[in-house]
Amino acid sequence: MSLEVLDRHSEALFEFLWCPVCGHEVFTNIPFEGVFCKNCNTRVEFQEPLEDHGYEDAVIARFDTDTTWNLHVDEKLRRDLPDGSARVKILGAPGGYEVDWWSPKPGEEWEPVERGEFDDVEEPEAVSHLA
């Protein structure tokens, strides 16, 4: 017996995707567990939308912070999701992806972290109490 692995989403989609909690772009797949942000462990689940508007690829990514940890990152370098989750609809094709919408809609209550938003902010150094 063999196990067939179906790659439903291209690598280009993962090159476009970023975490709205911490802004990082690196994700890891844990077999039989799911896809997670490598920086803060926010879980990402994918589903096909009801309509694709004729685009080659159309996907809804749902980010869930139930598994999020960020003990090594200062709280000001991340942004929690409203009610613990948010969804984004991505349309396009490799090299031309675009965000169609966020749910909940960004506004006064919540804004997703943009790709690399905290890249130029230095993390505070660890303080040693042994010195």
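Seven aromatic pairs are present in this structure, which is a predicted model. One of the pairs, F14 with F46, is edge-to-face, and the pair connects helix α1 to strand β3.

**Aromatic rings**

- In general, two figures describe a pair of aromatic rings: how far apart the centres lie and the angle between the planes.
- For F14 and F46 the centre-to-centre distance is 5.4 Å and the planes stand at 85 degrees, an edge-to-face pair.
- F14 belongs to helix α1 (residues 11-16) and F46 to strand β3, so the pair links distant parts of the chain, 32 residues apart.
- F14 is partly exposed, its relative accessible area being 25%.
- F46 is also partly exposed, at 23% relative accessibility.
- A cluster joined by ring pairs contains F16, W18, F63, Y97, W102 and W110.
- The face of F16, a member of that cluster, has R115 over it, 5.2 Å from the ring centre.

**Sheet layout**

- Strands of a sheet pair by backbone hydrogen bonds, and the pairing can be parallel or antiparallel.

- Strand β1 (residues 27-30) runs antiparallel to β2, and four bridges join the two.
- The hairpin of β1 and β2 has three residues between its strands, and F32 there takes a positive phi near 65 degrees.
- β2 is joined to β3 by two bridges, again in antiparallel fashion.
- Five residues separate β2 and β3 in their hairpin, where N41 in the turn has a positive phi of about 70 degrees.
- V35 of β2 is the bridge partner of N29, and the bridge partner of V35 in β3 is V44.
- F36 has R43 as its bridge partner in β3.
- Within strand β2 (residues 34-37), G34 and F36 point one way, V35 and C37 point the other way, and all are buried.

**Salt bridges**

- Opposite charges on side chains can pair when the charged atoms come close.
- R43 is bridged to E45, with 3.2 Å between the closest N and O atoms.
- R43 is partly exposed at 23% relative accessibility, and E45 is partly exposed with a relative accessible area of 33%.
- E45 also forms a salt bridge with R62, where the closest N and O atoms are 3.7 Å apart.
- Because E45 lies in strand β3 (residues 43-47) and R62 in strand β4 (residues 57-64), this pair ties together parts that are 17 residues apart in sequence.
- R62 is partly exposed, at 27% relative accessibility.
- R62 makes a salt bridge to D64 as well, the closest N and O atoms being 3.2 Å apart.
- D64 counts as buried, at 12% relative accessibility, because the limit for buried is under 20%.

**Loop residue T65**

- T65 sits in the loop between β4 and β5 (85-92).
- The relative accessible area of T65 is 18%, so T65 is buried.
- With residues up to four places away in sequence not counted, T65 touches V21, T42, L81 and G84.

Technical notes:
Residues numbered from 1 in each chain as written. Predicted model: local features only at pLDDT ≥ 70, side-chain atom pairs only at ≥ 80, totals over all residues. Heavy atoms only, no water. Salt bridge = Lys/Arg side-chain N within 4 Å of Asp/Glu carboxyl O. Buried < 20%, exposed > 50% of the residue type's maximum accessible area, 1.4 Å probe, protein only. Phe/Tyr/Trp six-rings, centres within 6.5 Å; stacked < 30°, edge-to-face > 60°. Lys NZ or Arg CZ within 6 Å of the ring centre and 35° of its normal. Pairing = 2+ DSSP bridges. Contact = heavy atoms within 4.5 Å.
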